[in-house]
Amino acid sequence: HDFTTAHARDFMTAGKYTVASCTSDALTLPMAQQYQMMDLVMGAQRQDGYSSKIYKTFTQPIQEVLSSYTQSGGSVLVSGSYIASDMQNDMERNFTQNTLKYQFQSSESVDTLLQVQGMNMECSLFNLPNEQHYWIRRSDILQPTSNAFPVMVYTGNGLCAAVAYQGNDYHSMAFGFPLECIQDEASRRAIMAACLQFLLTK
């Protein structure tokens with residue numbers, strides 16, 4: 001499934017935007033700096049300890065690109081089930097805290113995280129096996145850092161599902177669940193449009 005295309009399609013319904021995509025392995029800083037914003041589609045990706053291929057959410061090269069990109073004023077949108085819990089050592093967690101502006105609080109089963117609320121929306125997530133879309137088994141609870149603030153919560157427990165940072169240096173948003181797993185298309189596209197407005201308005 002090409003969820004990069006799904007994200008691009010949602011962006012393009014929000015306005016006239018130029019969208020380009022690449023794999024994380026191919027991403028370089030000069031490539032990133034051609035654009036005002038990056039969207040990192042992490043889905044259910046994580047380093048599980050069993051796969052022969054590296055599926056780390058933010059590898060060291062990606063961390064370096066994102067750190068330099070944000071330092072030059074680029075905005076970043078990240079989403080995925082393991083964007084915090086997959087970052088385990090001190091260096092990795094320093095990166096999420098200082099660059100992406102969140103830290104790991106906990107990882108919860110989606111049995112208790114049926115919906116998310118915020119940004120004037122309440123949305124159901126794909127959290128059960130179905131024929132239409134991949135479903136998520138766990139999602140991350142995020143804790144804002146460095147003047148970031150919560151923008152969505154899980155309705156089952158009120159814990160933080162997404163954080164935003166609006167600094168004078170750059171803007172960022174991070175979602176502890178895959179954005180493409182929002183069931184309702186209109187709600188998902190409204191959230192994507194709000195993300196674009198927040199991230200591209202300086």
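This is a predicted model: local features need pLDDT of at least 70, side-chain atom pairs count only at pLDDT 80 or more; totals for chains, interfaces and linings use all residues.
Residues are numbered from 1 along each chain as its sequence is written, and side-chain values use heavy atoms, leaving out hydrogens and water.

Now the sheet. Six bridges join β1 to β2, residues 75-80, and the two run parallel. Strands pair if DSSP finds at least two bridges between them. Helices (H or I, at least four residues) and strands (E, at least two) are DSSP runs, numbered from the N terminus.

What is the strand order in the open sheet? It is β1-β2-β9-β8-β7-β4-β5, seven strands with mixed pairing. β1 (37-43) and β5 (121-124) stand at the edges with a single partner strand each, so one side of each has no neighbour in the sheet. From one strand to the next, the twist averages 15 degrees.

Next, the helices. α1 lies across β1 and β2, at about 135 degrees to β1. Helix α3, residues 60-71, also lies across β1 and β2, at about 150 degrees to β1. Axes are lines fitted to C-alpha atoms, for helices over the stretch in contact (heavy atoms within 4.5 Å). Angles run from 0 to 180 degrees between N-to-C directions.

Then the charges. Side chains of opposite charge can pair when their charged atoms come close. A salt bridge here is a side-chain nitrogen of Lys or Arg within 4 Å of a carboxyl oxygen of Asp or Glu. The whole structure has five.

R189 pairs with D10, with the closest N and O atoms 2.7 Å apart. R189 is in helix α5 (residues 185-200) and D10 in helix α1, so the pair ties together parts 179 residues apart in sequence. Is D10 buried or exposed? D10 counts as buried because its relative accessibility is 2%. Buried means under 20% relative accessible area, exposed over 50%, partly exposed in between (1.4 Å probe, protein chains only).

E185 also bridges to R189, at 3.7 Å between the closest N and O atoms. Both lie in α5, four residues apart, about one turn of the helix. E185 is partly exposed, at 44%. D10, E185, R188 and R189 are linked in a network of salt bridges.

One more pair: D86 and K56, with closest N and O atoms 3.9 Å apart. Both are buried.
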